[in-house]
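Keep the structure open while you work through the exercises.

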Amino acid sequence: MTVLDFPPQPRPTRPLSALMRKAKTLVFTGPKGEIVVPLHHFVNTNWGEDAETKLRTISFSIEDENSKLQRGIWGLTRALCANAIKGVEEGHEVSLRLVGVGYRASVEPDPLPRKHPLEVELERGRGHWYAADQKQTEIDRAKRLVESSGQNERLNLRLGYSHPVLIPIPYGIKAQTPSPTVIKLTSANKENLGQFAQTIRQYRKPEPYKGKGIFIGDEQIKLKTPKKK
């Protein structure tokens, strides 16, 4: 784990918000990938070592414990770092269940190109703290990461529509179908994993009368009794 200045460019072309002007980033690197967590300027890091396991530890503190904003970001930072450590070491996993007659899922090659999230953000102009040459360098690095990730894939879902639902699998997420009605998603980034699972669920939300739809994990819904004529 390393600590880097945020933003990377010391003199941004446009002023940043007051909260992020003096912020830094924690970069967690492991066998499953790399996760970057923003660290606000009022959150302090304290490094130590566990006496029994001899492992390196990190704890967080804030400048003003009476501030509601600082207390909220204090807990948020700790949770994000815990998720990042688990993600780069073990990875996160989410399973989806397809419940319905004829509902099927499969993973197939995607002929369309796929972009890295960093490349998308920079092309939209959100990385305004980068200089022009540095922005192009980051875009080139993102393209190399996508090329090294292997062949692009997408989900092919049969959800009772007259056409198949094709969903590109984002960079950093792996999808498998152990059975035609189960989708297994794995990634080092828990936030991106949850967002992608919700994107899939939106195509066929569970309905309360017949209990059909796409369920995330052990999700259960309460069935309603149909109205009798």
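**Exercise 1.** Decide whether Asp-110 and Arg-154 are buried or exposed, then place their pair in the chain.

*Solution.* Step 1: both Asp-110 and Arg-154 are buried (under 20% relative accessible area; exposed is over 50%, partly exposed in between, with a 1.4 Å probe and protein chains only).
Step 1: they form a salt bridge, with the closest N and O atoms 3.9 Å apart; the term means a side-chain nitrogen of Lys or Arg within 4 Å of a carboxyl oxygen of Asp or Glu.
Step 2: Asp-110 sits in the loop between strand S7 (104-109) and helix H2 (117-123), while Arg-154 belongs to strand S8 (residues 153-158), 44 residues apart. Helices (H or I, at least four residues) and strands (E, at least two) are DSSP runs, numbered from the N terminus.

A note on the source: this is a predicted model, where local features need pLDDT of at least 70, side-chain atom pairs count only at pLDDT 80 or more, and totals for chains, interfaces and linings use all residues. Residues are numbered from 1 along each chain as its sequence is written, and side-chain values use heavy atoms, leaving out hydrogens and water.

**Exercise 2.** Find the salt-bridge partner of Lys-184 and say what the pair ties together.

*Solution.* Step 1: the partner is Glu-93, with the closest N and O atoms 4.0 Å apart.
Step 1: Lys-184 lies in strand S11 (residues 182-187) and Glu-93 in strand S6 (residues 92-99), so the pair ties together parts 91 residues apart in sequence.
Step 2: Lys-184 is partly exposed, at 25% relative accessibility.
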